[in-house]
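User: I would like to learn how to read the features of a structure, one at a time. Where do we start?

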Amino acid sequence: MTTARETWLTGLLAVGFLSAGVAAVAAHGDPATGFELSIYEATTPTFWILSAVAMVAALLAGFHARESRALRAGAVGLGAVTVLSVAMLPLIRGYFFFGSADSLSHLGWARQMAGQVPGAPLSPTGLLYPGIHATAVAITGVTGVPLTRALLYVVLVYTLVFVVFVPLCVRELANDRLAVVAGAFSAFLLLPINNVSVFNMPYPTAQGIFLLPVLLLLVVLFVVPDGNGSRG
């Protein structure tokens, strides 16, 4: 039987998902028309206000839905959608490319790997860290999108990997219903990016950091093969 609390939290999540969707539409409706010094400052305030509403709704629902696994999953999903929309801003707002300095070097190497520049193509074995370049070339080969956008999809995928696998690690370690929620919202802060002073753009260090939770989960599963996490 649905309780009054569950009904209220369901409505709150509905408002949150609606806010996140309208925020993305607002950002898409305000595309970049030229060079922007900061994509975050140039993005319409409507996006940030509605994204904040969505994240607050996710937080409230996540930490108040103690008895409903579905509501907790919905809250975590809403938080993930909101933070991923921030990571997707260059794609949502139609950027040709997002990144400077080293990111431009990696774009050049990806183009060499794809044979898009004069001279012999660059072999993946010719780079110490060819992962994002080879992935971008593969995305371009399958979808036909230019490498500039393929690299932005790579950034999005690795961000998704981080926000998914951090709570999975917590799930295996903690025996508490709200631990996964706490782990998820900790992941949504993208603290490694902020603390290590790299940026969420095509840059092997940033993508390598975001891949680390996958390795941590494998270690946890090896050390604790039966798992101690809550399945509720």
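Analyst: Helices (H or I, at least four residues) and strands (E, at least two) are DSSP runs, numbered from the N terminus. From the N terminus on, the elements here run α-α-α-α-α-α-α-α-α-α-α, which amounts to eleven helices and zero strands. This is a predicted model, in which local features need pLDDT of at least 70 and side-chain atom pairs count only at pLDDT 80 or more, while totals for chains, interfaces and linings use all residues. Residues are numbered from 1 along each chain as its sequence is written, and side-chain values use heavy atoms, with hydrogens and water left out.

User: What share of the 232 residues is buried?

Analyst: Buried means under 20% relative accessible area, exposed over 50%, and partly exposed in between (1.4 Å probe, protein chains only). Buried residues make up 42% of the 232. Accessible areas come from the Shrake-Rupley method with a 1.4 Å probe, and for residues only the protein chains shown count as cover. The accessible surface of the protein is about 12000 Å², with 69% of it belonging to carbon and sulfur atoms.

User: How should I read burial for a helix, and what covers the buried residues of H9?

Analyst: The buried ones are Ala179, Val181, Gly183, Ala184, Phe185, Ala187 and Phe188. Contact means heavy atoms within 4.5 Å. The cover of these residues includes helix H3 (45–64), helix H4 (69–87) and helix H8 (147–173).

User: Which residues does His133 touch?

Analyst: His133 lies in helix H7 (residues 131–143) and counts as buried because its relative accessibility is 0%. Leaving aside residues up to four places away in sequence, His133 touches His106, Trp109, Ala110, Met113, Leu127 and Pro204.

User: How many salt bridges are there?

Analyst: Side chains of opposite charge can pair when their charged atoms come close. The criterion is a side-chain nitrogen of Lys or Arg within 4 Å of a carboxyl oxygen of Asp or Glu. By this rule there are two salt bridges. In one, Arg93 pairs with Glu36, with the closest N and O atoms 2.8 Å apart. That pair links distant parts of the chain, 57 residues apart: Arg93 is in the loop between helix H5 (89–92) and helix H6 (102–113), and Glu36 is in the loop between helix H1 (4–28) and helix H2 (39–42). Both Arg93 and Glu36 are buried. Another joins Arg171 and Glu172 at 3.8 Å, N to O. Here Arg171 is partly exposed, at 23% relative accessible area, whereas Glu172 is buried, at 9%.

User: How do I check the length of a helix, and where does H11 bend?

Analyst: The expected span is 1.5 Å times one less than the number of residues. For the 20 residues of H11 this gives 28 Å, and the end C-alpha atoms are 28 Å apart, which agrees. The bend at a residue is the angle between axes fitted to the seven residues ending there and the seven starting there. H11 bends by about 30° at Phe210, with Pro213 following within four residues.

User: Which residues make the nonpolar surface patch?

Analyst: Patches are made of residues with over 30% relative accessible area and no salt bridge; like charges are joined within 9 Å, nonpolar side chains (Val, Leu, Ile, Met, Phe, Trp, Tyr) within 5 Å. Leu212, Leu215, Leu216, Leu218 and Leu221 make a nonpolar patch of about 440 Å². Leu221 is in helix H11 (residues 204–223) and is partly exposed, at 35% relative accessibility.
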